[in-house]
Amino acid sequence: MASAEAGARGATPSTSSGGGDGKRRRAKPILLNRLEGCNGAVNGAVAIPHEDAVISVSEDATIRVWLKRDSGEYWPSICHACPCPATAIDYDGTSKRLFVGLESGTVMEFVLADDLNRMSLKRSYSAHMSRVADLSVALDLNWLLSVGRDKYFQWHCTDSGRRLGGFKSDAWCTAVQLDPVTKYVFVADYAGQINVLKLDDQNLSHVTALKGHSGSIRSLTWDPDNRLLFSGSFDESIVVWDIGGQQGTALELHGHAGKVRGLSYIAHTRTLFSSGDDAMLIVWDMTADRKETPEWVESNTCDRCGAAFFWNLKEMWATKQLAVNRQHHCRRCGKAVCDDCSVNTLPIPQLGFEMLVRVCNDCYREMSDEDKASKAQFFEMKHRVSNLHIDLSKRRLITSGLDNTIKIWDIKSLLIADQPAST
């Protein structure tokens, strides 16, 4: 269910440290550096693999390459001025090719020098008519995928610069994600819908639309092993779409008390990181047993005690009693219940509810302490985050802030079942 009744919104998580064993509860991200100097919101920042270096794009129309100095502080080695705000970024560490989207709709491609002190413009793509919202580059396929506020998804060849195709959505496009194996592309929009496209050589076809959010979707990330798509929304929720299962399964994750703007996923530990306007980082254990939320039952009477709801005039006339009962729904069983039959609140982590939500009295009695144990960890970031990026080569998290700052975090202790980092 995409929406929630009043009382569930804005609720605080049931725990500040999360579940799991003692070692995981003690684990936390460690702030290593704070990068300041941008004169506008940082729209994105990515780490350069195996280097103490970060690339950022900002509303102040700059592209900056930050290098760690002998003092331990980061200072820009490059500060490139763009003609308008830089709004989206993607970087390939192997080829050192940098792609930056602009407010004007142009995507600029640069090549960084080996010493990271210079970059040269290779090509400009006239991709959109207005702000570029997100980019995804697959250089093994020679593809540049972009979405913008002109409602278009655009598909370009990075070898020739030629446009290969496009798709127009019904609303602003806000995020894009590619499954490089099947060549499915997921395009999220401002209306809360995800269009699924199939790319094949130079052909594009629309497959279906995924609907589950009640607000604008601002971030997508992909689990390549289990073929799961994660979407974060302004409705404060995350939906996990089981694309590989092809059964229409969608799990919900509720823990944020503000718009969800950033998502990042680590496949080998099956760990999802999320953050947004509430300045909280939530680390979700995706190895945990999770279930879909139940469909809400609509009824004229309480499913527990049979009391009529206030609009049920027929029942009030038959019983000669005035009904003042509001209809509520138990988040665990989905039944329609009255106030007296749903006086309690509980977290239901198996259904993705990490905060306190309304449950009926029967479900309240049935839930054990184990059922209420958190399946996520919560950490205060102390800045509203617009974008997340994880550097597996150094096991670091980069957060881009709406407060014009970038923070670099050590997340080694958060990576359970850690394995050698990929390149």
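This is a predicted model: local features need pLDDT of at least 70, side-chain atom pairs count only at pLDDT 80 or more; totals for chains, interfaces and linings use all residues.
Strands of a sheet pair through backbone hydrogen bonds, either parallel or antiparallel. In this model, four strands form an open sheet in the order β14-β15-β16-β17, and their pairing is antiparallel. Strands β14 (173-179) and β17 (203-211) stand at the edges, each with a single partner strand, so one side of each has no neighbour in the sheet. From one strand to the next, the twist averages 25 degrees. Within this sheet, β15 (residues 184-189) and β16 (residues 193-200) run antiparallel and are joined by five bridges, and Val 185 has Leu 197 in β16 as its bridge partner.

## Strand β24 and its partners

Strand β24 (280-285) is largely enclosed by the rest of the structure, because five of its six residues are buried. Four bridges join β24 to strand β23 (residues 271-276), and these two strands run antiparallel, with Ser 274 standing opposite Ile 282 in β24. The two strands β23 and β24 form a hairpin with three residues between them, and in the turn Ala 279 has a positive phi of about 60 degrees. Strand β24 is also joined by five bridges to strand β29 (residues 376-380), again in an antiparallel arrangement, and here Leu 281 has Phe 379 in β29 as its bridge partner.

| Residue | Relative accessibility | Class |
|---|---|---|
| Thr 221 | 10% | buried |
| Pro 294 | 18% | buried |
| Asn 142 | 32% | partly exposed |

Thr 221 lies in strand β18 (residues 217-223), and it counts as buried because its relative accessibility of 10% is under the 20% limit. Leaving aside neighbours within four places in sequence, Thr 221 is in contact with several residues, including Gln 177, Leu 228, Phe 230, Tyr 265 and Leu 272.

Pro 294 belongs to the loop between β24 (280-285) and α2 (313-319). Although Pro 294 and Lys 335 are 41 residues apart along the chain, their C-alpha atoms are separated by 8.9 Å.

Asn 142 is located in the loop between β10 (132-138) and β11 (143-148). Apart from neighbours within four places in sequence, Asn 142 is in contact with His 156, Cys 157, Thr 158 and Asp 159. One of these residues, His 156, is 14 residues from Asn 142 in sequence, and the C-alpha atoms of the two are 8.2 Å apart.

Technical notes: Residues are numbered from 1 along each chain as its sequence is written. Side-chain values use heavy atoms; hydrogens and water are left out. Buried means under 20% relative accessible area, exposed over 50%, partly exposed in between (1.4 Å probe, protein chains only). Contact means heavy atoms within 4.5 Å. Two strands pair if DSSP finds at least two bridges between them. Axes are lines fitted to C-alpha atoms, for helices over the stretch in contact, and angles run from 0 to 180 degrees between N-to-C directions.
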